[in-house]
Amino acid sequence: MRKSKMLKLDRQMRPWLKYYDDIPANLKYPDYSMVDMIIESAQKYPNNVAYIYYGSKVTYKEFVQRIKRTAKALKNYGVKENDKVTICMPNTPEGITMVYAVNMIGAICNMVHPLSSEKELEFYINSVDSKYILVIDVVFEKIMKLKDKTNLKKIIVAKASEEMSLPLAGIYWLFTGRKIKIPKNDSNIVLWEEFINGSKNYQGEYQEHRKAYDPAVILYSGGTTGNPKGILLSNLNFNALALDCTTVIKEAVPGTTVLSILPIFHGFGLGVCIHTPLSVGMGTILIPSFSFKKFGDIIRKNQPTFIAGVPTLYEALLESNIGPNDLECVKSVICGGDALNSTLRDKVNVFLKEHGSSAKIRVGYGLTESTGACCLTPTNVFEDNIIGMPFPDMYFKIVIPETHETAPVGVDGEICISGPLVMMGYVNDDAETVQVLRYHDDGKLWLHTGDAGHLGEDGLIYFSQRIKRIIVSSGYNIYPTYLESVINMHEAVLTSTVIGIPHPYKGQVAKAFIVLKDGYTEKNKIEKEIRELLAKHVAKYALPYEYEFRDKLPKTLIGKVAFKELEKEENEKHN
């Protein structure tokens, strides 16, 4: 009787369970590391293709051998358990191999965007005291400038062409590689091939048997304030995501393939597009640099079963040179990273059908603090603003903002999340962690997302808007308050505010409104200096597209900048 009451109470807390059909509401999660899950997958499917990179294919058996060799190489260079190894890479074989090799030796992956500014990279490296970095050759010079500003002992440089076929590698060298000058007599710098060869010199133990709750990965986000925050995620976080995704998405079976366009320094990219498929014997098609114009060619050449991406990707799909039956291979389509409007959703579904696919787009929801994804729409449910049913073992609660009190059904409040996908916390920032991770009266630890939404009468979750100020551009988060803090560093600036404005492909881009101090009139010169200042502190993708100088900015009744008025102005201008 008691068990029956508990089950009834659980279904009241999780009304979306009625959509689960044959999906279990609760799963059993292994008490081991991320790499242990991949090794287990390789034991079951040794000859399945683990990844494809520009036509080059590597099986699971070969992949695990490469991970072990890379782990030995790390140990040879002195990397110890719990050391932070920075991985500054796009989606390449070296990047994903390093993730699992670092995990294998019990160290922690510090994942950073290669297009980050010099100042951001300095912060990412120093905030976790990372002494080792793997960097793609095209941004090597930026890391070299930080050599004396960090405690880096070893800079491992990988060429994007490492595993390309000879013709492609030759083209890469001709147009890009030959321009990159890497010092040959610097003991702190080692090329990937030399680094891997060093594995032969290590004879000791190299595998640490880490547990589910041990830290595994640091990803970066703006937290609630917009300043860069390291988000610490555990082995459990990633392994639970892999099991949840492959349980909810029935098409995720061994031998199928995922188009891995979202990058490994992105929670959705690493968690959903890399670790999840590799956990069940699927193949990942690694795309290090995405081109809108070549999207059709990428699909025709690779024949993916799954496409997972942000709304921008699907805008590109609609414009691609896809033939009538080119999408027959596609069985599942997932959209996350930003809200998907109903117009684009309907266009994509029609496009898929017209080009041979039986799939219909499903919308996912998550944030880096919840390992990239934690909720997905049921198949064939297409209500506006819906984000769907939380994954197994995940609890969602809508609370009245600034309280722990549950909002009524159908009433917007702050989305809170509890379960195995919730982060361990922010790195070296207890104040921010306790602000976001809070225990409620029910005894559960809840992640306060800063997003607004409601529980529908149908028992599913709906997204309304972001409570915290975020601009989402091509799936990447841009934090206006951080941009404003950099702009305001300029001696001529009295105040500034940054908003998101519409963009045909990226969804939104940043625009800066600036008020100058009295006496400063050379706007062109000042704008140039502000652009240079931002370039030093802010990632390339987050830089404002437009700048506008004003005598004053609109204010709210309590004296704050009324950025919503500016947003309204810009939206009217672009409509």
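**Close-up views of a predicted model**

**View 1. Lys 250 and Asp 22 meet across the sequence.** Welcome to the first stop: Lys 250 is partly exposed, with a relative accessible area of 46%. Like every view that follows, this one shows a predicted model. The side chain of Lys 250 forms a salt bridge with that of Asp 22, at 4.0 Å from N to O. Lys 250 sits in the loop between helix H9 (235-248) and strand S10 (257-260), while Asp 22 belongs to the loop between helix H1 (2-13) and helix H2 (34-44), so this pair ties together parts that lie 228 residues apart in sequence. Asp 22 has a relative accessibility of 60% and therefore counts as exposed, since the cut-off for that class is over 50%. In general, side chains of opposite charge can pair when their charged atoms come close.

**View 2. Lys 525 pairs with Glu 529 within helix H16.** Here the side chains of Lys 525 and Glu 529 meet in a salt bridge of 2.8 Å, N to O. Both residues lie in helix H16 (residues 523-537), and because they are four residues apart, about one helical turn separates them. Buried or exposed, or something in between: how does Lys 525 count? At 45% relative accessibility, Lys 525 is partly exposed. Glu 529 is also partly exposed, at a relative accessible area of 26%.

View 3. The closest N and O atoms of Lys 573 and Glu 570 are 3.2 Å apart, and the two residues form a salt bridge. They share helix H17 (residues 563-574), where they are three residues apart, about one turn of the helix. Which residues join them in the network? Salt bridges link Lys 511, Glu 546, Glu 548, Arg 550 and Glu 569 with Glu 570 and Lys 573.

**View 4. Helices H12 and H13 cross.** Two packed helices are described by the angle between their axes and the distance between the axes. For helix H12 (residues 311-319) and helix H13 (residues 342-354), the axes come within 10 Å and cross at roughly 45 degrees. H12 and H13 are therefore oblique to each other, and the crossing is left-handed. On the H12 side, the contact is made by Pro 311, Tyr 314, Glu 315, Leu 317 and Leu 318. H13 contributes Leu 344, Lys 347, Val 348, Phe 351 and Leu 352. Eight residues of this contact are nonpolar and two are charged, with no polar ones.

View 5. Asn 82 has a phi near 75 degrees, a positive value in a residue other than glycine. Asn 82 lies in the loop between helix H3 (60-76) and strand S3 (84-88), and at 37% relative accessibility it counts as partly exposed. Thr 371, another residue that is not glycine, has a positive phi near 65 degrees. Look for Thr 371 in the loop between strand S14 (361-365) and strand S15 (375-376). Is Thr 371 buried or exposed? At 1% relative accessibility, Thr 371 counts as buried, because the cut-off for that class is under 20%.

How values were computed
Residues numbered from 1 in each chain as written. Predicted model: local features only at pLDDT ≥ 70, side-chain atom pairs only at ≥ 80, totals over all residues. Heavy atoms only, no water. Helix = DSSP H or I, 4+ residues; strand = E, 2+ residues; numbered from the N terminus. Buried < 20%, exposed > 50% of the residue type's maximum accessible area, 1.4 Å probe, protein only. Axes fitted to C-alpha atoms, helices over the stretch in contact; angles between N-to-C directions. Parallel < 35°, antiparallel > 145°, perpendicular 65-115°, else oblique. Left-handed = near helix turned anticlockwise from the far one by under 90°. Contact = heavy atoms within 4.5 Å. Nonpolar A, V, L, I, M, F, W, Y, C, P; charged D, E, K, R; others polar.
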